[in-house]
Each structure stands twice: as C-alpha cells, then as structure tokens.
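Please look over the structure shown here. A short briefing on selected features follows.

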Amino acid sequence: MATATLPASDPTIIEFDVRTDEMLVNMGPQHPSTHGVLRLVLRTDGEVISEVIPHLGYLHRCAEKIGENVTPIQYIPYTDRMDYLAGMNMNLAYSMAVEKLCQMKLPEKAQVVRVIIAEMGRIASHLVGMGAYGLDLGTFSPFLYAFREREMILDLFEEVCGARLTYSYITIGGVHDDLPDGWVDRCQKFIDYLKPRIEEYHTLLTRNQIFIKRTANLGIMSKETALSYGCTGPVLRGSLDARKGDVAWDLRKIEPYSGYETYDFKAIIPPFPEAPREAVLGDAWHRFYVRMLEVLEAIKIVEQGLRRYRPLREEGDKLRAEFDRKQNMLSAEEKKKEEAALNAEFKTKYSHRLAPPTHLPAGEAYMETEAPRGQMGFYVVARPAKDAVPLRVRARSSCFCNLSVTNEICKGCLIADIPAIVGSLDFVMGEVDR
Amino acid sequence: MTSADIISALEKQFSDKIKGKKADALDPWVVVEAGDLFAVCQFLKNDPALRFDQLNCITGVDYLEIDPKKVAKAGFEPHLEVVYHFSSFVHKHRFVVKVMLPRWKDDKAGELPEVPSVASLWGTADWHERETYDLCGVRFTGHPDLTRILLSEDWEGYPLRKDYEFPLEYHGIRGR
C-alpha cells in the first residue's frame, strides 16, 4: 500500500479529529449578571459566540395598557416601576410628556426642585450601575460602597416623599410636595461627602488593572451602530468622539428642558486622555467611564440647583408671610386683589406645583428626556372628545433599544465576556419589558 | 430645518403621495400610504438636508371607541395608526410620519393590516416592529423575524387593541 499512515502521536491528526459542534447555551433568565430576568440564548462554537438572541418579556406588566385606563396622575406610580433604579427620572419623563400635551409652563421653583431631584436620581442610578458592573466582573467591594452612598440618597428621597424606591414624587404640574425644612443643607452635606469618594471608586475600578483587562477593547460599538439601533445615554456617548466633531448627544444640552440650559455642566463624551492604553473608543470601559464622569457633572448640577432653591424658597415664604400679616387690615376687595396678585406670582415663580389638568386637550405629544440610562420617551395621545384618560400611552424605553444592540456587539467574543459586555449596557429589565 | 421645511421637502419629493399633514401639531406629522412608506423613510434617512439617522420609536394606536354611549361623540372613525418618530443626530431636528390602516385587512376580523418593514434602514425598527406586531397587531412585511417579543409565543390576540379581551385561562392559570 502506498498510503503512508502517520504515527498516532502526530499532533496534526488530533487537531483534525477534534471537531466542536455548534451549541446553543441558555443564559438566564435567572443568571445574576443579566440584571433581572433576561434570557440570552448563545449560539457558540466552543467558547466563541456567533450569535446572541435575547428573549424578553419576563417582567412585562402591561404598563401601556394600564395607561389607557387611568388618568395621567394615576399613572405616575406605574412609571416608577419601569426603571425602578431611577424612579424619579421616570416620573419626570411622563410628567413632561403630559405637560407638553397640556402646554403647561411650570413655576421656577418646581423646575429647580425637579432638576435637583432628577440629578440625585441620576447619581443613585449610576452608583448602582457602577457597583453592579463590578459585581458582574467578580469584584464585590465596589458594590457595597456604591450601596452605602446610594442609601444616603434614598434617605434624602424618603424625607422628600416617604418612599425609598417607588417615589411618585415628580408629578404632573411640578412636584408633589415642597422640599422639607433643612433638606437643602442635608443634601449639600451629602454632596460634600460624596465628592471625594468618587476618586476612591476610580482607584477601586476604573484604574484597576484587572478591571481594565476585563473591559477594555471589548464589546466595541461604532457610532453608526449605536445610532442605527437607537442607543442613547452613556451607551451612545461612549461611542462618540469629540475629535471627529461629534456633538455630545445629551438631551439636556440638545433640547434642554426644565431649565437645564441655564446650568453649567458638560455632556461627557470621549476622548479621555486618562484612558488606559488598552481601551478603545466605544468599548465597555468607555461606557463605564462616561457614567462615572456623569456623576461628577450631576453633582455640579445639584449644587447649582441647591443654590438657586434657597432664595426662591425664602422669597416665597416672605411674600406669603407679608400677605398673611396685612390681610386682616385690608378691605375684602383689596384682599381679593392682593391674593390674586400673589397667586399669579407663585404660579410663575415660587410655587412647587400647579393644579393638574382636569382633562386632556385633544392632540398628541411625544417627549423624550435624558434619563440615566438614555432617552426615555413617552408618547401620549389624548382623545378628541373631552376626557381625562388618554387614548394611548406609549413608553419608548431607552434600555429596550440599548439591549437590542447586544447581538451586534457580542459576536466573536468569549462566553466569559458576555457579562462584561451586557453589564456595560447597564439596563434594567423593568424598563425593557414595561 | 424647521418642521415646515421638512414637510415642504417631502411634498416636493413625493407630491401627492403625502396624504395628510399637520404642521401646527406639537410634533408636526405627515401621513403616507403604507405602500409609499419605505420610499419616504429611505428619503428621510438618506437626503443630506434631512438625515434622519435615528428612528426613536415605532408604535401603533388603535382608534376605536368601545363604549357604545361614547361612539357618537368619539371624534374619530375606527382605524389603526402606525406612528414613526424620527430624529437627526446631524441636524438635531425631529419629525413624525404616520400610516393610517384599517383595523383589519380587508375588514376581515383577525387578518392583520400590513406595513412594509423598515428594519433594513434602522436597527431600532427590528425590535420596535416586533413589539408593535406583538401588542398592536400590525404585520410588517419583509421583517427578518416577525415574532412576538414581550408576550409568549403562544399568546392569542393583540392586547393594545381596544376590543381585546383578556383570556379566561392560560395554560391552566386563571386569567380573569
């Protein structure tokens, strides 16, 4: 026989012999790194992923259908339960949509309180984002520190509205109650406490060599992909590049609402000169770092808000006291006139809440706000006939879009990298499924 | 570009294919036929002056009054709308396009009305169209994988239709 048989010890034969079949691996819905109940079906060849198919809906609670059956004020508590890590920002998004439909103009104080609260919510949300991301990658301590800080924000929120997770504080026409006495000082104290701590997180995570190895150059998303899939918030901003002339896409800057245009802050986009050598634009590390820097910007906004709130509160109280003092000396007619003037002034400046609309004007409004996880949009369609209940409420979820990009950015990575990539998208399933 | 400019640009390009418009709405919109939707979307995305590179949201609205006492004063004829919200990263403007559909194709209950899919233009459309199919009952022709996304695969009916009735039981679980 002419065919020569190679000796069995030849390594090339073994390599030809071992074939790995394609395999479908289920990850979730109870996997800890899927941040809730998300099922990822991974099509793998050995360790390498060729496709990721997310299956959602485990947390679907018919939020949009409920919206068709209740008035906007009644719907506010349901918005809390969408992104339950940033309930305040969800309240704000829905309130803004209804106010746009009703064309309400809010008093200055209500807007200032909203900005303070929304930015505090952003800090709390990003802290969880950071801590939980560490947890995904196997480091436990940042999570504990993040929750220690978040706890203080929750205490402050509890003072404001009595709830720790589902606030329903920001509501149609303003905020439910004014800030309690001394809250501003306690908030400022917290901010002073938090500021130096951020640097500690950078040493714990951002500049940690293990963390960089796990996140840098991983899950790279181009700007075009991000835009096509409707990614927003830190997920989009991590892929932009100021050197190429990209605008910092942050709705607080692009389409300012609630008076954000008057605050001094930066919308964060790369490049970051301090980025580690391994990090590539649009990778998991960049998305994480954008969030970290946004906490600092949020702190700046809160501080400015607190400085604005103090005089507004004092002036309002003074005007009210003045009126109370002299009202007994006025004739009925004068009193009526003065009271109307006072009320008008409160409506434009010193009040924390306007009376909510009794019914919705015919028409429809789509409003997006910059929630911590991206652009949260609400689309409210009112009935043409006079009615307090909208015909349709649509919640455009930022996480829903951010999650849809998973398959695109996970192709070709290893199974062990899935938590690192998916975690960097920082989604909350409550908002994805609604 | 202001929304009036966008509308006139569309009218110039598509003339009588723009079936309706509302320039003074809070979010100005135009109406197109389902058959022309893809061409309009392509124009919106690729025209250098418009450049709508983000599709923010697709949704369906079911216009139907189920309360017999209110039907006369409802102010609309029963129909289904599919609403597309666009925005542009480059030009920072927004726009809305609507498609008006019958509630059921050829008025045969159970036959879903059809709209061409725009998933090949924007990645967002993939999941949003699946969601609209799932909840509002609109068939997007040409979609790569039009399956339910939020509800389970064997769910019956389209919950965001106004005449939807919650099932009595689902796999032995009592519904209502």
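In strand 8 of chain A, which residue is the bridge partner of Val381(A)? The bridge partner is Arg392(A). This is a predicted model, in which local features need pLDDT of at least 70, side-chain atom pairs count only at pLDDT 80 or more, and totals for chains, interfaces and linings use all residues. Residues are numbered from 1 along each chain as its sequence is written, while chains are lettered from A and ligands numbered from 1 in the order in which they are written.

**Sheet in chain A**

- Contact between two residues requires their C-beta atoms, placed from the backbone, to lie within 7 Å.
- Strand 6 (residues 363–371) and strand 7 of chain A are joined by nine antiparallel bridges, and they form a hairpin with two residues between them.
- Across that pairing, Glu364(A) has Val381(A) in strand 7 of chain A as its bridge partner.
- Strand 7 of chain A also pairs with strand 8 (residues 392–396) of chain A, in the antiparallel sense over five bridges.
- Gly377(A) has Arg396(A) in strand 8 of chain A as its bridge partner.
- Strand 7 (residues 374–382) of chain A is mostly covered, with nine of its nine residues buried.
- A residue is buried if 20 or more other C-beta atoms lie within 10 Å of its own, exposed if 12 or fewer, and partly exposed in between, with C-beta atoms placed from the backbone.

**Helix 1 of chain B**

- The twelve residues of helix 1 (residues 3–14) of chain B should span 16 Å at 1.5 Å a residue, and the end C-alpha atoms are 16 Å apart, which agrees; the expected span is 1.5 Å times one less than the number of residues.
- Ser3(B), Ile6(B) and Leu10(B) are buried in helix 1 of chain B.
- These residues cover an arc of only 55° around the axis, so they are on the same side of helix 1 of chain B; the arc is that of the directions from the helix axis to the C-beta atoms.
- On the other side of helix 1 of chain B, Ala4(B), Asp5(B) and Lys12(B) are exposed.
- The cover over the buried residues of helix 1 of chain B includes strand 1 (18–22), strand 2 (29–32), helix 2 (37–46) and strand 5 (94–101) of chain B.
- Ser15(B) follows helix 1 of chain B and has a positive phi, near 35°.

**Backbone exceptions**

- Most residues other than glycine have a negative phi, and most peptide bonds are trans.
- The peptide bond from Pro270(A) to Pro271(A) is cis, with omega near 5°, and Pro271(A) is found in the loop between helix 11 (251–254) and helix 12 (284–326) of chain A.
- Asn217(A), which is not a glycine, has a positive phi of about 60°; Asn217(A) is in the loop between helix 8 (209–215) and helix 9 (223–228) of chain A.
- Asn217(A) is partly exposed because 15 other C-beta atoms lie within 10 Å.
- Arg51(B) has a positive phi near 45° and is in the loop between helix 2 and strand 3 (54–63) of chain B.

**Contact between the chains**

- The contact takes 28 residues from chain B and 31 residues from chain A.
- On the side of chain B that touches chain A, the largest share, six residues, comes from strand 3 of chain B.

Definitions and conventions
Helix = DSSP H or I, 4+ residues; strand = E, 2+ residues; numbered from the N terminus. Pairing = 2+ DSSP bridges.
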